[in-house]
Amino acid sequence: AGKALFEAQRVGGHGKMIIHGGYYASPAAVLDGLRNGEFFLRFQAVVDLATGAAIGAEALVRWQHPTRGLVPPAEFIPLCEASGSIVVLGEWVVRESVAEAARWRRLRGEDDPVSVAINASARELTSAGYGEFVLTECANVGLPAALVHIEVTETHFGSDAAAVRDNIRVLRGAGVIISMDDFGTGHSSLSRLTEIELDVIKIDQSFVAVIETERESPVAELTIKLAATLGLQVIAEGVETEAQAEWLRERGCLLAQGYLYSRPVAADEFVARFLVQPVT
Ligand code: C2E
Ligand code: CA
Ligand code: CA
Ligand code: CA
């Protein structure tokens with residue numbers, strides 16, 4: 001309640017943000033938060049629509065702020081992007097995520113791979129050396145790069161597309177899977193999609209949500225076809241009902257995430273529910 005402590009303002013044509021006034025997501029504040037253990041990860045299973053078994057999980061960051069309580073990432077991530085603190089936070093997310101995935105691999109063995117999907121911000125993707133950083137962290141924990149998905153969005157290609165492409169080339173060259181997140185919600189053209197080196201398209205949850213109310217989702221349907229044409233995998237997000245899962249299965253979508261299968265949960269719960277107990 002009351003007046004916000006911060007004000008974010010868009011300036012210029014590059015979507016750069018300037019933050020005014022006292023704000024809580026400054027680099028110093030995020031560093032403090034990391035030292036104090038205020039950040040933690042939740043993992044949401046990515047499941048095989050045919051069996052319900054997990055093929056991997058997406059890491060989603062949370063901030064238990066001492067005075068603000070549990071702040072949703074949709075609120076603090078943009079502020080971290082604006083202040084630059086996303087870089088140190090993003091490094092922490094990568095380190096924690098690959099360490100967790102390395103544990104899953106030890107648990108399951110080499111023949112039952114479980115991947116981890118990490119959301120990359122524009123700031124990270126445009127930093128020189130981001131690709132190498134991710135690969136180094138994988139090597140440090142003995143995780144094959146092919147078990148890491150890096151999720152990018154169309155908007156990431158607006159500011160410094162060349163730098164983004166360089167990082168993607170480094171990552172993909174080592175076997176990292178590149179996913180286009182929130183597909184269809186950005187402003188990019190279809191031609192751009194073919195210019196980006198990609199492995200996976202994620203159908204945004206807004207296009208899955210309408211399946212329930214209208215029984216049709218032209219964008220979801222087209223995305224599944226487009227992915228097939230381009231030889232890409234497709235993951236539907238935000239699957240909440242069996243009717244939506246059925247609709248997706250009928251149209252050839254093989255993978256999904258959503259509350260129907262699991263909310264984002266602590267790593268131990270993901271392990272207990274999807275990796276230790278076989279899904280029957
Ligand atoms: P996203 O990458 O599109 O993540 C999916 C969001 O949908 C998550 O929200 C997830 O909890 C939510 N979700 C999953 N299944 C369902 C469902 O069945 N129904 C509904 N209604 N929602 C579902 P969350 O965790 O609040 O994250 C919001 C956004 O914050 C993410 O959207 C992502 O853009 C960003 N984010 C989260 N973690 C990170 C991170 O570590 N780094 C960066 N750069 N961004 C992150
Ligand atoms: Ca994502
Ligand atoms: Ca998404
Ligand atoms: Ca999103």
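This is a predicted model: local features need pLDDT of at least 70, side-chain atom pairs count only at pLDDT 80 or more; totals for chains, interfaces and linings use all residues.
1. Conventions. Residues are numbered from 1 along each chain as its sequence is written, and chains are lettered from A and ligands numbered from 1 in the order in which they are written.

2. Calcium ion (ligand 3). Its protein donors (N, O and S atoms within 2.8 Å of the metal, or 3.2 Å for Na, K and Ca; water is not among the atoms, so sites may look incomplete) are Asp181 (OD), Asp182 (OD), Glu237 (OE) and Glu237 (OE), at 2.1 to 2.8 Å. Along the chain the donors follow the spacing D-D-x54-E. Aspartate 181 also coordinates the calcium ion (ligand 2), which lies 4.1 Å from ligand 3. Aspartate 181 is buried, at 7% relative accessibility, whereas aspartate 182 is partly exposed at 27% (buried is under 20% relative accessible area, exposed over 50%, partly exposed in between; 1.4 Å probe, protein chains only).

3. Glutamine 44. This residue sits in strand β3 (residues 39-48); helices (H or I, at least four residues) and strands (E, at least two) are DSSP runs numbered from the N terminus. Glutamine 44 is buried, with a relative accessible area of 9%, and its side chain reaches the backbone oxygen of serine 262 at 2.9 Å. Beyond neighbours within four places in sequence, its contacts (heavy atoms within 4.5 Å) include Gly56, Leu60, Tyr259 and Arg263.

4. Salt bridge between glutamate 137 and arginine 95. The structure holds 17 salt bridges, each a side-chain nitrogen of Lys or Arg within 4 Å of a carboxyl oxygen of Asp or Glu. In one of them, the closest N and O atoms of glutamate 137 and arginine 95 are 3.4 Å apart. The pair links helix α5 (residues 130-141), which holds glutamate 137, to helix α3 (residues 86-108), which holds arginine 95, across 42 residues. Glutamate 137 is buried at 10%; arginine 95 is partly exposed at 40%.

5. Salt bridge between arginine 251 and glutamate 221. The closest N and O atoms are 3.5 Å apart. Arginine 251 lies in the loop between α10 (242-250) and β11 (255-256) and glutamate 221 in helix α9 (residues 218-230), so the bridge ties together parts 30 residues apart in sequence. Arginine 251 is partly exposed at 26%, as is glutamate 221 at 24%.

Definitions and conventions:
Side-chain values use heavy atoms; hydrogens and water are left out. A polar contact is a pair of N or O atoms within 3.5 Å; within protein, one must be able to donate a hydrogen and the other to accept it, and residues adjacent in sequence count only if both atoms are side-chain atoms.
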